[in-house]
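I am opening a notebook on this structure, and I want to set down in order what I looked up.

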Amino acid sequence: MSKPSNSIVALDKFILSTRDSGYKSTSSAVAELVDNALQANARTVRISIAAADAKSGSDTRIQIADDGLGMNRATLIQAMRFGGSGRYNDRAGLGRFGMGLPNASLGQARRVTRS
């Protein structure tokens, strides 16, 4: 039997626990992503929904696209880390602790992709 860790975070269950305690509704998760777009000075935000098809087994897909400042690959990778905000404690938007983007994304899906 292994010795219990002294860490305050149970790493083996952290992502599952965070995902399951985060954004319970799709609308609140989408609102988080729209808020991020507005903080990035977006003037246009497009939300596209492709409904699931039970016969083909396809998933429902939601895409949020905006004309904000954008992120390079390194910034995107950092932003998808829990606590990885580049605007930590910034009071300009709803979030400020780097939990919203990864929680909103993973709270609604088991897989997140970048297009």
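Before listing elements, I noted that helices (H or I, at least four residues) and strands (E, at least two) are DSSP runs, numbered from the N terminus. With that in hand, I read the order of elements in the protein chain from the N terminus on as α-α-β-β-α-α, which comprises 4 helices and 2 strands.

I reminded myself that this is a predicted model, in which local features need pLDDT of at least 70 and side-chain atom pairs count only at pLDDT 80 or more, while totals for chains, interfaces and linings use all residues. Residues are numbered from 1 along each chain as its sequence is written, and side-chain values use heavy atoms, with hydrogens and water left out.

**Whole chain.** Of the 115 residues in the protein chain, 20% are buried; buried means under 20% relative accessible area, exposed over 50%, and partly exposed in between (1.4 Å probe, protein chains only). Counting as a contact any heavy atoms within 4.5 Å, I found that 50% of the contacts in the protein chain with a separation of 6 or more are between residues 24 or more positions apart.

**Helix H2.** Which residues does Val-30 touch, leaving aside its neighbours within four places in sequence? They are Ile-47, Ile-62 and Ile-64. Val-30 has its place in helix H2 and counts as buried because its relative accessibility is 15%. I also noted that the C-alpha atoms of Val-30 and Leu-101 are separated by 9.8 Å, although the two are 71 residues apart along the chain. Asn-36 lies in helix H2 too, and its 18% relative accessibility is why Asn-36 counts as buried. From Asn-36 to Gly-100 I recorded 8.9 Å, C-alpha to C-alpha, across 64 residues of sequence.

In the loop between helix H2 (26-39) and strand E1 (45-50) I came to Asn-41, which has a positive phi of about 65° although it is not a glycine. Most residues other than glycine have a negative phi. Asn-41 has 53% relative accessibility and therefore counts as exposed.

**Before helix H1.** My last entry concerns Leu-11, which lies in the segment before helix H1 (14-21) and counts as exposed because its relative accessibility is 71%.
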